[in-house]
Amino acid sequence: MRSISVCNIINQRILNKVLRITYDLKHLTPDRSKHFSFLVRKNNIISVGYNSFKTHPKSLKFRYYKNHTHSELACILNADKIDKKCSLINIRIDKKDKILLSKPCEKCQDLLYHYGINDVIYSYEKGFKCMKIHNTKMI
């Protein structure tokens with residue numbers, strides 16, 4: 001069973017930087033809604049990932065729909081080192097650059113827990129929310 005609580009990890013400077021990067025990279029993903037994930041350690045962005053229709057063996061392991069690569073998975077695959085000091089920031093924008101809900105799906109929450117990433121910040125229509133993943137089923 002998964003338990004989620006609010007966390008206190010927002011740094012406005014990092015959120016502003018992540019937003020700028022999201023808008024700069026939006027052309028990279030072909031989907032209508034563009035999901036971007038940023039792995040952050042000690043207020044430094046250490047990895048970026050975005051959604052794609054490409055598949056990966058870990059997409060199979062974590063049972064993603066049609067084995068597509070979610071931004072969270074891409075971000076983890078692009079990271080050199082992941083530890084418990086890492087947090088993840090998720091942002092989703094539409095084709096008109098409007099910020100939308102980007103809470104990690106259950107598969108991504110399992111993935112994040114598996115890699116020890118428990119602090120997550122995600123976008124929603126009015127800004128950002130935080131969540132902390134405490135428990136989840138292990139794959």
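The structure is a predicted model, in which local features need pLDDT of at least 70 and side-chain atom pairs count only at pLDDT 80 or more, while totals for chains, interfaces and linings use all residues. Residues are numbered from 1 along each chain as its sequence is written, and side-chain values use heavy atoms, with hydrogens and water left out.

Helix α3 spans residues 71-78 and is largely enclosed by the rest of the structure, because 6 of its 8 residues are buried; helices (H or I, at least four residues) and strands (E, at least two) are DSSP runs numbered from the N terminus, and buried means under 20% relative accessible area, exposed over 50% and partly exposed in between, with a 1.4 Å probe and protein chains only. The buried residues are S71, E72, L73, A74, C75 and I76.

The count of aromatic pairs is 1, where rings of Phe, Tyr and Trp (its six-membered ring) pair if their centres lie within 6.5 Å, and planes under 30 degrees apart count as stacked, over 60 as edge-to-face and the rest as tilted. The rings of F36 and Y50 have centres 6.1 Å apart and planes at 45°, so the pair is tilted. F36 belongs to strand β2 (residues 34-41) and Y50 to strand β3 (residues 44-50), 14 residues apart. F36 is buried, at a relative accessible area of 0%, whereas Y50 is partly exposed, at 29%.

Elsewhere, the charged end of K129 sits over the ring of Y124, 4.6 Å from its centre, the criterion being NZ of Lys or CZ of Arg within 6 Å of the ring centre and within 35 degrees of the ring normal.
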